[in-house]
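Visitor: Could you walk me through this one?
Guide: Gladly, here it is.

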Amino acid sequence: MSPKYPNVIVKLCDHDGNAFAVMGRCRQAARQADLPEDVIATFMADAMADDYDHLLQTAMLWFNCV
């Protein structure tokens, strides 16, 4: 299954695994890919809706995480 936005590349390996750091990298990558702010806000709300595992799963469903 490919992510919703495969052109948005989020580097998760070799970085701080803190939830806030992961969300920040996702937001930054989405902005650099010129995704609309409402799409980014939807991602952020979905990512924060549950626990850390949900955050990572959401990031992988939305973006190309490497």
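Guide: What follows goes through the helices, a salt bridge and some backbone angles. This is a predicted model, in which local features need pLDDT of at least 70 and side-chain atom pairs count only at pLDDT 80 or more, while totals for chains, interfaces and linings use all residues. Residues are numbered from 1 along each chain as its sequence is written, and side-chain values use heavy atoms, with hydrogens and water left out.

Visitor: How many residues does α1 have?
Guide: α1 has 14 residues and reaches 20 Å from its first C-alpha to its last, close to the 20 Å expected at 1.5 Å a residue (the expected span being 1.5 Å times one less than the number of residues). Helices here are DSSP runs of H or I with at least four residues, strands are runs of E with at least two, and both are numbered from the N terminus.

Visitor: And which of its residues are buried?
Guide: In α1 the buried residues are Val22, Met23, Arg25, Cys26, Ala29 and Ala30, where buried means under 20% relative accessible area, exposed over 50% and partly exposed in between, with a 1.4 Å probe and protein chains only. They lie on the same side of α1, because they cover an arc of only 160° around the axis, taken from the directions from the helix axis to the C-beta atoms. On the other side of α1, Phe20 and Gln32 are exposed.

Visitor: What covers the buried residues of α1?
Guide: The cover includes β1, α2, α3 and β2 (63-65), with contact meaning heavy atoms within 4.5 Å.

Visitor: At what angle do α2 and α3 cross?
Guide: The axes of α2 and α3 (residues 52-62) cross at roughly 150° and come within 8 Å; axes are lines fitted to C-alpha atoms, for helices over the stretch in contact, and angles run from 0 to 180 degrees between N-to-C directions. Among the residues making that contact are Val39 and Phe43 of α2 and Leu55 and Trp62 of α3.

Visitor: Changing topic, how many salt bridges are there?
Guide: The structure holds one, a salt bridge being a side-chain nitrogen of Lys or Arg within 4 Å of a carboxyl oxygen of Asp or Glu. Glutamate 37 forms it with arginine 31, the closest N and O atoms being 3.1 Å apart.

Visitor: What about phi at aspartate 14?
Guide: Aspartate 14 has a positive phi of about 65° although it is not a glycine, and it is found in the loop between β1 (5-10) and α1 (19-32).
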